[in-house]
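Here is a short report on one protein model. Look at the strands first, then at the side chains.

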Amino acid sequence: MRTLYYNGKLFTADPDRLWASSMVVEDRRITWVGNRPFQDVSLRENLPERRIDLKGRFVAPGFIDSHMHLLGYGKLLEEVSLA
């Protein structure tokens, strides 16, 4: 399913274009980022069936944090596993 998220404040982390207002997500992947989804030629013919108005909300890239303590993890690697 393709979903259009629009009318938001999206931080892209792309130095050439740090901010956008809309994005399309398809199969859990971002497939389009821009500012005018309803006028964009590439989307006009095939607008996503699901549309979500972000109402000005902020969106940032997700972060995956293993939350390890580096020194403790290094010490663990020096030990023999008896498990």
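Which residue is the bridge partner of Tyr 5 in E4? The bridge partner of Tyr 5 there is Met 23.

## About the model

This is a predicted model: local features need pLDDT of at least 70, side-chain atom pairs count only at pLDDT 80 or more, and totals for chains, interfaces and linings use all residues. Residues are numbered from 1 along each chain as its sequence is written, and side-chain values use heavy atoms, with hydrogens and water left out.

## Strand E4 and its partners

Strands (E, at least two residues) and helices (H or I, at least four) are DSSP runs, numbered from the N terminus. Two strands pair if DSSP finds at least two bridges between them. E4 pairs with E1 in the antiparallel sense, over 4 bridges. E4 also pairs with E5 in the antiparallel sense, over 5 bridges. Here Glu 26 stands opposite Arg 29 in E5. The two strands E4 and E5 form a hairpin with 2 residues between them. Asp 27, in the turn, has a positive phi of about 50°.

Buried means under 20% relative accessible area, exposed over 50%, and partly exposed in between (1.4 Å probe, protein chains only).

## The nonpolar core

The largest nonpolar core has 5 residues: Leu 10, Ala 20, Met 23, Val 25 and Leu 54. Such a core is a set of buried Ala, Val, Leu, Ile, Met, Phe, Trp, Tyr and Cys residues joined through side-chain atoms within 4.5 Å.

Val 59 is found in strand E7 (residues 58–59). Beyond its neighbours within four places in sequence, Val 59 is in contact (heavy atoms within 4.5 Å) with Lys 9, Leu 10, Phe 11, Met 23 and Leu 54. Val 59 and Lys 9 are 50 residues apart along the chain, yet their C-alpha atoms are separated by 6.1 Å.

## Aromatic rings

How many aromatic pairs does a search of the whole structure find? It finds 3. Rings of Phe, Tyr and Trp (its six-membered ring) pair if their centres lie within 6.5 Å; planes under 30 degrees apart count as stacked, over 60 as edge-to-face and the rest as tilted. The rings of Tyr 6 and Phe 38 have centres 5.3 Å apart and planes at 80°, so this pair is edge-to-face. Tyr 6 lies in strand E1 and Phe 38 in the loop between strand E5 and helix H1, so the pair ties together parts 32 residues apart in sequence.

Ring pairs also link Phe 11, Trp 19 and Phe 58 into a cluster.
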